[in-house]
Amino acid sequence: MTTFDEREKSFEKKFELDQELQFKVKARRNKLLGLWAAGLLGKTGADAEAYAKEVVLADFEKPGDSDVVHKIMKDLAAVGKPTEDHTILKQAERLLVDAKKQIMADSH
């Protein structure tokens with residue numbers, strides 16, 4: 001194997017690890033966002049955890065964050081707490097920082 005081949009394998013491995021890390025961070029952010037929304041919905045404990053899991057799973061419906069935002073907006077509106085998408089997206093941005101910290105702490 002040449003140095004070039006080794007370097008290519010190294011870059012491929014780094015890319016793979018970076019993608020995995022991004023996936024974990026986004027999933028954790030969605031869980032935190034689900035827990036935040038669960039609090040607004042009046043859910044606690046196991047109910048809040050179950051709702052957060054629903055939010056994480058909602059992210060697999062379509063690319064991007066629109067599926068998660070739509071689910072939370074719909075659920076909050078159903079209990080008389082309409083919330084605009086920009087409010088949810090702003091909260092998601094805040095929680096992304098926490099999610100990154102948590103994932104980095106978990107991986108070390």
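I count Ala, Val, Leu, Ile, Met, Phe, Trp, Tyr, Cys and Pro as nonpolar, Asp, Glu, Lys and Arg as charged, and the others, Gly among them, as polar.

**Ground rules**

I am working on a predicted model, where local features need pLDDT of at least 70, side-chain atom pairs count only at pLDDT 80 or more, and totals for chains, interfaces and linings use all residues. I number residues from 1 along each chain as its sequence is written, and side-chain values use heavy atoms, with hydrogens and water left out.

**Cavity**

Grid points are joined across faces, edges and corners, and a volume is the space filled by probe spheres set on the points.

I found one cavity of 30 Å³ or more. The largest cavity has a volume of about 30 Å³. I listed its lining as Arg29, Asn30, Leu33, Asp65, Val68, Val69, Ile88, Leu89 and Ala92. By class, that lining has six nonpolar, one polar and two charged residues. Helices α1 (3-40), α3 and α4 (85-107) each supply at least two of the lining residues; I take helices as DSSP runs (H or I, at least four residues), numbered from the N terminus.

**Helix α2 against α3**

I fitted axes as lines to C-alpha atoms over the stretch in contact, with angles from 0 to 180 degrees between N-to-C directions. Helix α2 (residues 45-58) packs against helix α3 (residues 66-78) at about 140°, with the axes 8 Å apart. That makes α2 oblique to α3, oblique being what is left after under 35 degrees (roughly parallel), over 145 (roughly antiparallel) and 65 to 115 (roughly perpendicular).

I noted which residues touch, contact meaning heavy atoms within 4.5 Å. Tyr51, Glu54, Val55 and Ala58 of α2 meet Asp67, Val68, Lys71, Ile72 and Asp75 of α3. I sorted this contact into five nonpolar, no polar and four charged residues.

**Helix α3 against α4**

I read an angle of about 120° between α3 and α4, with their axes 10 Å apart. That makes α3 oblique to α4. Val69, Ile72 and Met73 of α3 make the contact with Asp85, Ile88 and Leu89 of α4. I counted five nonpolar, no polar and one charged residue in this contact.

Terms used:
On a 1 Å grid over the protein atoms alone, a cavity is a set of points where a 1.4 Å probe fits but cannot get out, and a pocket is an open set with protein on both sides within 12 Å along at least five of seven lines; lining residues have an atom within 4 Å of a point.
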